[in-house]
Amino acid sequence: MGKRYYCDYCDRSFQDNMHNRKKHLNGVQHHRAKKAWYDYFRDSSAILCDEQTKKPCRKFLQKGICDFGPNCRFSHMSEDDLFILKRQAEDERRHREDYVDRKMPGRSIEEWLSRREKKQTAVGSKGDLKDKDDSEEGQEESDVPQHLLSIPDLPPSLLPPPPGGWRVKVNTEWG
């Protein structure tokens with residue numbers, strides 16, 4: 001019977017040979033299904049931008065239906081739909097900004113660079129010993145997000161290191 005090719009976009013399978021695959025991948029049905037698949041994952045701000053640039057579809061406004069459907073080059077959205085889409089895009093943008101702000105509260109690149117420079121100079125001048133100020137800074141601001149620490153039964157690989165650091169035995173014998 002031979003191998004079969006399955007297209008995820010079109011939900012079809014057919015005999016897998018070069019002619020059939022090329023014919024399918026260049027077909028209109030496949031291109032429409034692929035576009036519909038990727039359009040499903042577009043964010044609302046991209047959809048809003050596209051819909052605002054389009055002119056309204058006269059046939060859709062008069063009859064409530066258009067022969068071209070989602071492939072119409074004109075907009076099928078009413079003013080209310082555009083307003084709702086605009087609010088949704090603004091909410092998504094605010095949510096993304098809030099997430100970034102929550103992820104790194106009160107931190108800036110300048111602070112990080114100054115702490116890094118202090119640590120490097122302390123390590124360079126005193127070997128592996130650090131100042132008390134540096135160790136206190138490290139304890140106050142860990143790189144582990146706070147929402148991770150609130151999860152019960154967190155795997156050991158995701159737990160932050162203990163305050164004094166990991167204890168290592170110096171006289172470990174192998175074999």
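Let's begin at Gln29, which touches Cys10 and Arg12 once residues up to four places away in sequence are set aside. As you look around, keep in mind that this is a predicted model. Gln29 sits in helix α2, which covers residues 28-40. Its relative accessibility is 47%, so Gln29 counts as partly exposed; the cut-offs here are under 20% for buried and over 50% for exposed.

Now let's turn to the aromatic rings. Searching the whole structure turns up four aromatic pairs. One of them joins Tyr5 and Phe14, with 5.3 Å from centre to centre and 45 degrees between the planes, a tilted arrangement. Tyr5 and Phe14 are both buried.

Another pair is formed by Tyr40 and Phe41, whose ring centres are 5.1 Å apart. Their planes meet at 85 degrees, so this pair is edge-to-face, as planes over 60 degrees apart count that way. Tyr40 and Phe41 are both exposed. Ring pairs also bring Trp37 together with Tyr40 and Phe41 in a cluster.

Finally, how confident is the predictor along the chain? The mean pLDDT of the protein chain is 79, with 78% of its residues at 70 or more. Residues 128-140 are a stretch to read with this in mind: pLDDT stays under 50 there, and the model has ten contacts for these residues beyond four places in sequence.

Note on methods: Residues numbered from 1 in each chain as written. Predicted model: local features only at pLDDT ≥ 70, side-chain atom pairs only at ≥ 80, totals over all residues. Heavy atoms only, no water. pLDDT = per-residue confidence, 0-100. Contact = heavy atoms within 4.5 Å. Helix = DSSP H or I, 4+ residues; strand = E, 2+ residues; numbered from the N terminus. Buried < 20%, exposed > 50% of the residue type's maximum accessible area, 1.4 Å probe, protein only. Phe/Tyr/Trp six-rings, centres within 6.5 Å; stacked < 30°, edge-to-face > 60°.
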